[in-house]
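Have the sequence and the 3D view at hand, and let's take it step by step.

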2 protein chains.
Amino acid sequence: MVQNSPMRTHRAGELGADDAGSRVTVAGWVQRRRDHGGVEFFDLRDASGLIQVVVDPEEHPSVHDLRMEFCVRVTGEVRRRPEGTENPELPTGDVEIGAADIEILAPSKTLPFMLDDRRDVDEMVRLKHRYLDLRRPRMAANLRARSKATAAIRRTLDGEGFLEVETPTLVNSTPEGARDMLVPSRLQQGEFYALPQSPQLFKQLLMISGVERYFQIARCYRDEDSRADRQLEFTQLDLEGAFWAEDDVLDTIETVLAEVVRDLRGIEIATPFQRLTWRDAMNRFGTDKPDLRFAMEITDLSDVFADTGFGVFSSALEDDGTVKAINAGPQEWPRSRADAITDRAKELGAKGLVWVVVEEDGAVRSPVAKFFSDTETKGLIEQLDAGPGDVILIAADKWRTVVDVLGGLRLDLGRPQGHAELAFLWVVDFPLFEEDEDGEITFSHHPFTSPASIDQMRDDPENAISRAYDVVLNGVELGSGSIRIHDPDVQRQVFEILGIDEETAERRFGWFLEALQYGTPPHGGFAFGIDRLVMVLQNEPSIREVIPFPKTQSGQDPMTGAPTWVEPIQLRELGVELGAEAKLRKEASPSPEPADTQTD
Amino acid sequence: MVQNSPMRTHRAGELGADDAGSRVTVAGWVQRRRDHGGVEFFDLRDASGLIQVVVDPEEHPSVHDLRMEFCVRVTGEVRRRPEGTENPELPTGDVEIGAADIEILAPSKTLPFMLDDRRDVDEMVRLKHRYLDLRRPRMAANLRARSKATAAIRRTLDGEGFLEVETPTLVNSTPEGARDMLVPSRLQQGEFYALPQSPQLFKQLLMISGVERYFQIARCYRDEDSRADRQLEFTQLDLEGAFWAEDDVLDTIETVLAEVVRDLRGIEIATPFQRLTWRDAMNRFGTDKPDLRFAMEITDLSDVFADTGFGVFSSALEDDGTVKAINAGPQEWPRSRADAITDRAKELGAKGLVWVVVEEDGAVRSPVAKFFSDTETKGLIEQLDAGPGDVILIAADKWRTVVDVLGGLRLDLGRPQGHAELAFLWVVDFPLFEEDEDGEITFSHHPFTSPASIDQMRDDPENAISRAYDVVLNGVELGSGSIRIHDPDVQRQVFEILGIDEETAERRFGWFLEALQYGTPPHGGFAFGIDRLVMVLQNEPSIREVIPFPKTQSGQDPMTGAPTWVEPIQLRELGVELGAEAKLRKEASPSPEPADTQTD
């Protein structure tokens, strides 16, 4: 029958002066062992913290066997440390355990890397031994923070009457948007499930079902070409409300984010968040996800240079373009740096960049200063509120190019390191449609987003505004949402404008258009990335640092070796076989059998 | 900019006498419309409940347009219902809204089925229109119950200091156990991820990482041949603790289950749960998941018939078998029923079944009564505590056959309908190994389960006991767990006994055996199925009733049509193509393009 054997009486990090005199048993890892004049000390670490253990090696010669990260159990008396040896840095620093019994629960091989946070360890090595990497204080704190974040989200939404509803993860394939990850069906040979890019249509169905307030912390999948800091699988808070307009969504998300920040950072953030229209965000910051922790706003100079003789500016303005600038503030500005920033501007899409340095005496230094009239120079300095030492960067081109370039330079030159300060922001009034790379009209958000005006959508689709909104934190887009289309006729019109003919719409979305016809309530919702939110709040540079077991950019897990080759019989059962190139690749590869994972 | 337009001021089900005199706006669905002497009434339903709306059709002729399940918004004054017309059945039954304004938010087509719980609707029709099915009170209650269950689980474990950690769902393929669902990798062409059957090895890695207390409500996947009431994807509470022995696991699970039952049923269940060894469970109830809501225990008769002249019994006993019986209690027992029960016993594996009816006068009636001695008859009646009218069913065969047969008959004859009463139970001391269909030794639980004794495991593997345990509710196995192997040498020995040679073990599990070598703490854990738990607590006959969007036995979603054919180019990008049979099947099928699902 089941045994009862409590393996420890206390957690290491919770012992203190009040426990002095008690006999305790603790268990954990040997963190650091040291010899002080014939007495051995080591720190025993568990998930709660550290406690110093003192051992008389004559009584316990086995203490000499203890190595870093051995897992041990220690029984002994808690006693106050001798006066003058307390460690005020450590919560348990007033006490130590005098070991009466030491048991090695599991020895440890020599570590592939040291487990403190001060060393830079190659990420591949860390991922290969992720179970050790997660023992590092920083990574352990990230795991705790992520758990606290999702707990805070759930607690808040539970309190607001939301139902957590699980939507399926074996769904329909989606020929548009990001690439799907596919799962061959064994029972319907030749057919495939897709892993969801988001629970979008299912959450809309839940609104039709009358759930009214839905949320889910949902695993989602996107097989995108490797962009920096993307993972094949990621986690989002997904929510939706019926009988909702914009403010209901935004208020809910603000409440959730405030609670998460309270739990992870211990601070109150101001709500409601600032709201910028997409147009303002682009004009002032050159991006739809502005980092508002610093100003360096983009300033329009079209008026200043309206009659300029400087050909670069005048031809841009004549060509329906614009002239804009940022004041990058005081900068060291040798020729090499000016060239580097100009090259960067070209990378960002500019044909060139004009720089102007304001000298101590108020005069300007610039390769093109001679082309500016005095009025223009004066206007330039005034508009940009520039003082001695400031460097002004000017771009002249099509509107979109100008704001993209200056937005990019603004980030390069002004963005603070890390995320000590938090600047939340809503970007609203996104365009409904945009042009794709081939010049075809496509949706900006997704085709289920409600237009602000149906008339405008039909008459002037290029300028039509949608009821979509993004939340941005320190220049990181955390997530987006929209009020959805709940009228099947409007939905059909959107498909039509997108060039999806009626038959195709019916074939692809017929089941959803059918669902919309049974008294669909007005509804809207949101989704934000848990990985990104926790990354920013934990001040980490990459989502991989807050994902317990992430994959590399090439989609591999260096620890388990996933993905792996599988036996041909497994594939045959699923009605698929390898393509010709994959077969060649397999023949060229050593073909280890995959590792086993079993189940509870 | 974002609009602020609260769509309603109150939720329908929350209005009461205190609101009389207030002007309110509510929104929801038209549930029932009726005409009483020139005044129109309808019930407006939202997620919170119903409110009666009274409309003067002369003032609002549009009320005649309202049909079932139209989505409407109503503004008007809350007033007390006229005396004598209150509805005490309804929480809002004291009041009604006198409509001043009615707006149709969305009309509804005629429903494919009525949305009340009294009608039996074909499940395929329900699944095709799941969004309507979920409007039915019973299904809406199931959604709420499931959300409450997971909230209770999380709240409890959060309070106990568990971290919720997300483990990956694109993992290694597993050649053993249930079939994996596979996901072709685009970046590593020809290689595959598997969807996890459980997070088993990852939760063990988290113990090695020092997390100490982990949980996750995890989506898991099994591509099993369609057994009744299985789904390709299902959800389990998965948890694990370091420095844990059995009682730590069992106490935690009991605490969690008690909280869920409290929230869903409003009752306290007694803890600790009864514990039965696997051997006792099999001997007394003929199953490793006994339903303890009724007795009808299996009784051993080997002593009674030790010297019997009845050849069926004596040859079973001589052949190292056993003779056992259940007292099925008073039963109508015409010949036809006796034959039917005997046929059922044969289905369950018996060669035959002996039945004995105790007559009013204490005599016995049975086709084989004449072969029993008086002592045997007397012993039989005494052992089974049988009285007039009782029917005794006796099986004689190998031990396993006898208990399987009588356990099956016990359920058929005694099991209560539904789940009004709740009987929780632990089954412990499972065998470590069992024989598979080919007579090979295999693990009963999984190969990471700790043996109770390493010596016994080596010397007498057939009888070796494991440190595995199951929790059972009303004869439904909710879940299972074990204390794991934390010593890499023991893990290697288990692989060896299972016939996995060293090289294969290294190739398949090398990375895990490596991980075990860095001071792995003793640990154990558990997993139980959320679907099954909620099914029982909601008194539902199938897990499909508590899964928001389930699939059919053939893995299909009648609503969206998933799985679907995909474009050959999508497959080529993934390095796979259809097998020959799947190609033929595709050519024979109409090939609609898959439906689109887009993302927030």
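This is a predicted model: local features need pLDDT of at least 70, side-chain atom pairs count only at pLDDT 80 or more; totals for chains, interfaces and linings use all residues.

Let's begin in chain A, where five strands make up an open sheet, ordered β12-β13-β16-β14-β15, with antiparallel pairing. At its edges sit β12 (299–300) and β15 (364–365) of chain A, each pairing on one side only. Look at the β12 end: β12(A) is joined to strand β13 (residues 322–330) of chain A by two bridges, in the antiparallel sense. There you'll find A:D300 standing opposite A:K324 in β13(A).

Helix α10 (residues 399–414) of chain A lies across β13 and β16 (390–397) of chain A, and it runs at about 5 degrees to β13(A).

Next, the core. In soluble globular proteins, nonpolar side chains tend to be buried together. Here the largest nonpolar core counts 310 residues, and A:L393 and B:L393 have the most contacts inside it. Beyond its neighbours within four places in sequence, A:L393 is in contact with A:A325, A:I326, A:A328, A:L353, A:W355, A:L406 and A:L409.

Finally, see how the chains come together. Chain A and chain B put 145 residues each into the contact. On chain B's side, helix α3 (residues 137–159) gives the most, with eight residues. Sorted by class, that side of chain B has 67 nonpolar, 43 polar and 35 charged residues. One bridge to look for links A:L578 with B:V576 in β23(B).

Technical notes
Residues are numbered from 1 along each chain as its sequence is written. Chains are lettered from A and ligands numbered from 1 in the order in which they are written. Two strands pair if DSSP finds at least two bridges between them. Helices (H or I, at least four residues) and strands (E, at least two) are DSSP runs, numbered from the N terminus. Two residues are in contact if their C-beta atoms, placed from the backbone, lie within 7 Å. Axes are lines fitted to C-alpha atoms, for helices over the stretch in contact, and angles run from 0 to 180 degrees between N-to-C directions. A nonpolar core is a set of buried Ala, Val, Leu, Ile, Met, Phe, Trp, Tyr and Cys residues joined through C-beta atoms within 7 Å. A residue is buried if 20 or more other C-beta atoms lie within 10 Å of its own, exposed if 12 or fewer, and partly exposed in between; C-beta atoms are placed from the backbone. Ala, Val, Leu, Ile, Met, Phe, Trp, Tyr, Cys and Pro count as nonpolar, Asp, Glu, Lys and Arg as charged, and the others, Gly among them, as polar.
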